[in-house]
Amino acid sequence: MADFTSFNKGLEQLHISLNEQQLQQFYHYYERLIERNKVINLTAITEYEEVIHKHFLDSLSLVLWKGFQGEGKLIDIGTGAGFPGIPLKIAFPELEVVLLDSLNKRVTFLNEVIADLGLKNITAVHGRAEDFARKAEYREQFSLCVSRAVAQLATLLEYGMPFVSVGGRFVAYKAGGAEEEIANAQPAVRILGGQMEEQVSFQLTGTKMERVFVVVRKEKQGDKKYPRKAGTAEREPLGR
């Protein structure tokens with residue numbers, strides 16, 4: 001029998017209410033994650049309580065940003081093992097979600113999870129953000145783009161902003177102490193047609209970890225030359 005005590009406590013602090021089916025979906029997600037992690041590298045965090053806090057609750061902390069409505073079209077770029085996209089989908093079924101990752105083995109895992117949990121209106125796709133952002137069915141088609149991927153903010157912005165519709169937002173999950181990184185990304189924000197809207201700082205529930213959401217609003221259509229070809233955004237961040 002799964003113990004949801006600490007999970008429920010964290011959910012309560014986030015003012016999120018889940019039913020029994022949703023709780024069981026999270027637990028089956030955890031089981032599948034650990035099982036597949038023995039075969040392919042999905043996460044270095046495997047202890048149940050740590051997964052709850054550092055993956056599940058961290059993903060769901062997006063509710064601390066007042067702009068999050070729990071609906072609309074969301075794309076999660078560099079999703080890895082499905083964070084934050086799958087936890088957000090479980091907790092907020094009205095979201096229409098696309099999970100994008102460049103490693104096919106991870107996408108196979110994500111599709112297994114989606115099928116196992118019976119999730120609807122969520123797809124996992126294999127490819128690079130630089131390529132998918134040029135496809136008409138993806139470019140500027142999402143009200144919200146999120147990323148918890150490990151990359152400099154200026155790089156993430158070039159990957160993510162082209163997916164965001166005008167008036168939508170790009171939200172980067174970042175560790176605390178990212179002030180210099182945020183400042184360095186200001187030129188990229190302008191170049192990509194955005195405006196830095198706010199930063200939401202918080203302590204991750206059940207831990208001492210400082211976190212921050214960097215929220216960028218899409219003010220105008222982006223230049224079609226962005227994103228640049230694969231690898232360029234990492235080697236030569238915009239504005240540097």
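1. Two residues are in contact when heavy atoms of theirs lie within 4.5 Å of each other. In this predicted model, Lys 73 touches Glu 96, Gln 141, Phe 142, Ser 143 and Leu 144, if residues up to four places away in sequence are not counted.

2. Lys 73 belongs to strand S1, which covers residues 72-77. Is Lys 73 buried, partly exposed or exposed? Its relative accessible area is 29%, so Lys 73 is partly exposed, since that class lies between the 20% and 50% cut-offs. From Lys 73 to Phe 4 there are 69 residues in sequence and 29 Å in space, C-alpha to C-alpha.

3. Helix H1 (residues 5-13) and helix H3 (residues 48-60) have axes that come within 10 Å and cross at roughly 25 degrees. Angles under 35 degrees count as roughly parallel, and H1 and H3 are therefore roughly parallel to each other. The crossing of H1 past H3 is right-handed.

4. Which residues make this contact? H1 supplies Ser 6, Phe 7, Gly 10 and Leu 11, while H3 supplies Glu 49, Ile 52, His 53, Phe 56, Leu 57 and Leu 60. By type, six of the residues in the contact of H1 with H3 are nonpolar, three are polar and one is charged.

5. Beyond its neighbours within four places in sequence, Leu 62 is in contact with Phe 68, Leu 88, Leu 144, Val 146, Val 171, Tyr 173 and Phe 213.

How values were computed:
Residues numbered from 1 in each chain as written. Predicted model: local features only at pLDDT ≥ 70, side-chain atom pairs only at ≥ 80, totals over all residues. Heavy atoms only, no water. Axes fitted to C-alpha atoms, helices over the stretch in contact; angles between N-to-C directions. Helix = DSSP H or I, 4+ residues; strand = E, 2+ residues; numbered from the N terminus. Parallel < 35°, antiparallel > 145°, perpendicular 65-115°, else oblique. Left-handed = near helix turned anticlockwise from the far one by under 90°. Nonpolar A, V, L, I, M, F, W, Y, C, P; charged D, E, K, R; others polar. Buried < 20%, exposed > 50% of the residue type's maximum accessible area, 1.4 Å probe, protein only.
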